[in-house]
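Have the viewer open and follow along.

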Amino acid sequence: MDLNRVQIFAQVVEQGSFTGAAKALGITKATVSRKIAELEADTGAQLLFRTTRALKLTEAGSSYYNRINKILSDLQNAENQLSAQQQLIKGNLKIVCPIELGQLFLGPILAEFLTLYPEITLDAELTNRKVDVIEEGIDILFQIADSGDTRLQSYALVNAHKSLMASPAYLAELGTPKVPQDLAKHKAIRLQSAHIEGAWKLFDGQSWVVIEPVAQLTVNNVTLAREAAIAGLGITAVPSIIAQAALEKGHLIQLLDDYPMSQTKVVLSYPQRAYLPRKYRVFIEFIYAALFKRWGTQVLEVPEFIGKDDQDA
């Protein structure tokens with residue numbers, strides 16, 4: 001059954017003319033006439049009497065209209081019910097995020113999100129372990145650097161700019177490194193996890209210099225590395241956003257500014273799917289609104305369903 005032809009026939013009956021049906025449906029009168037002729041040919045029955053002044057239903061046409069009218073009404077009710085269900089955004093989202101990013105960025109905004117969407121529940125795990133999104137049933141994954149998993153749809157959010165830093169007291173005692181090679185003489189706080197390489201990579205203008213820091217302390221937590229550096233234990237490499245307050249207060253000093261470090265990105269991923277549930281969409285839209293508010297033009301990749309108004313907010 002060609003539902004399109006059935007709907008056109010119903011409109012012809014309700015509008016009383018081919019012209020009225022064409023106007024109501026936004027199609028041409030010729031298209032309406034052709035579709036009705038096709039419907040009559042397929043059913044093997046004349047459905048309408050055509051005169052110069054009006055259209056009238058045949059007995060077969062009247063019986064057919066009464067039956068399809070109920071079907072079309074049921075279809076419309078089903079569509080309205082589905083639309084209403086979709087407007088009520090609810091369900092659970094399982095979110096995984098690196099510990100420090102969750103504490104710094106996600107923590108402050110989740111309460112606001114749940115206030116706006118009280119029918120959504122969140123299970124948020126802050127961890128630095130490697131996860132398998134599909135096997136573990138994870139809905140949204142935040143990670144440092146893209147895993148390259150082709151089963152996921154991923155977007156780079158912002159650069160996680162990283163730099164070397166140490167406390168003024170440590171530098172006063174052991175000196176300030178001037179070139180990457182000087183780092184061999186210094187103590188280090190090595191930061192290493194599933195997402196973070198322990199080696200320091202610095203660009204000298206021509207090539208990358210790789211430094212394997214000699215560490216008295218190795219940690220998998222950015223906040224702990226920052227606090228150890230503030231305490232004067234050695235030089236560490238952490239994202240500037242993690243150490244911003246300490247740098248502004250003079251508790252830490254940024255080192256080797258002329259030798260930028262290799263950078264990583266904060267990436268948002270979710271399972272590839274033909275249809276993105278609304279609970280995913282509203283959460284991702286909310287995350288991007290927070291990103292635009294905080295980092296503006298520094299936001300790297302934006303999904304197509306994020307409107308320009310969201311970006312300008």
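A residue counts as buried when its relative accessible area is under 20%, as exposed when over 50%, and as partly exposed in between, using a 1.4 Å probe and protein chains only. At 36% relative accessibility, Ser73 therefore counts as partly exposed. This is a predicted model, in which local features need pLDDT of at least 70 and side-chain atom pairs count only at pLDDT 80 or more, while totals for chains, interfaces and linings use all residues. Residues are numbered from 1 along each chain as its sequence is written, and side-chain values use heavy atoms, with hydrogens and water left out.

**Helix H1 against helix H3**

- Helix H1 (residues 3-15) packs on helix H3 (residues 29-43) at an angle of about 110°, and their axes are 9 Å apart. Here helices (H or I, at least four residues) and strands (E, at least two) are DSSP runs, numbered from the N terminus. Axes are lines fitted to C-alpha atoms, for helices over the stretch in contact, and angles run from 0 to 180 degrees between N-to-C directions.
- The angle makes H1 roughly perpendicular to H3. That label covers 65 to 115 degrees, while under 35 is roughly parallel, over 145 is roughly antiparallel and the rest is oblique.
- H1 and H3 cross in a left-handed way. A crossing is left-handed if the near helix is turned anticlockwise from the far one by less than a right angle, and right-handed if clockwise.
- On the H1 side, Asn4, Arg5, Ile8, Phe9 and Val12 meet Val32, Lys35, Ile36, Glu38, Leu39 and Asp42 of H3. Contact means heavy atoms within 4.5 Å.
- The residues of this contact of H1 with H3 divide into six nonpolar, one polar and four charged. Ala, Val, Leu, Ile, Met, Phe, Trp, Tyr, Cys and Pro count as nonpolar, Asp, Glu, Lys and Arg as charged, and the others, Gly among them, as polar.

**Lys35, a residue of that contact**

- Lys35 has its place in helix H3 and is buried, with a relative accessible area of 16%.
- Not counting residues up to four places away in sequence, Lys35 touches Asp2, Asn4, Arg5 and Ile8.
- From Lys35 to Ser62, 27 residues apart along the chain, the C-alpha atoms are separated by 18 Å.

**Aromatic pairs**

- How many aromatic pairs are there? The count comes to nine aromatic pairs. Rings of Phe, Tyr and Trp (its six-membered ring) pair if their centres lie within 6.5 Å; planes under 30 degrees apart count as stacked, over 60 as edge-to-face and the rest as tilted.
- One of them joins Phe113 and Phe283 edge-to-face, at 5.1 Å centre to centre and with 90° between the planes. Phe113 lies in helix H5 (residues 99-116) and Phe283 in helix H9 (residues 278-295), so this pair ties together parts that are 170 residues apart in sequence.
- Phe113 counts as buried at 0% relative accessibility, and Phe283 counts as buried at 0% relative accessibility.
- Tyr155 and Tyr270 form a tilted pair, 6.4 Å centre to centre with 35° between the planes. Because Tyr155 lies in strand E6 (residues 152-160) and Tyr270 in strand E14 (residues 264-271), the pair ties together parts that are 115 residues apart in sequence.
- Tyr155 is buried at a relative accessible area of 14%, and Tyr270 is buried at 6%.
- Ring pairs also link Phe113, Tyr117, Phe283 and Phe286 into a cluster.

**Helix H5 against helix H9**

- H5 and H9 pack at an angle of about 130°, with axes 11 Å apart, which makes H5 oblique to H9.
- The crossing of H5 past H9 is right-handed.
- H5 brings Leu104, Phe105, Leu106, Ile109, Leu110, Glu112, Phe113 and Leu116 to the contact, and H9 brings Val282, Phe283, Phe286, Ile287, Ala290, Leu291, Arg294 and Trp295.
- The residues of the contact of H5 with H9 divide into 14 nonpolar, no polar and two charged.

- Ala156 lies in strand E6 and is buried, with a relative accessible area of 9%.
- Leaving aside neighbours within four places in sequence, Ala156 is in contact with Lys265, Val266, Val267, Leu300 and Glu301.
- The C-alpha atoms of Ala156 and Ile230, 74 residues apart along the chain, lie 30 Å from each other.
- Ser73 lies in helix H4 (residues 59-87). Ser73 and Tyr170 are 97 residues apart in sequence and 78 Å apart in space, C-alpha to C-alpha.
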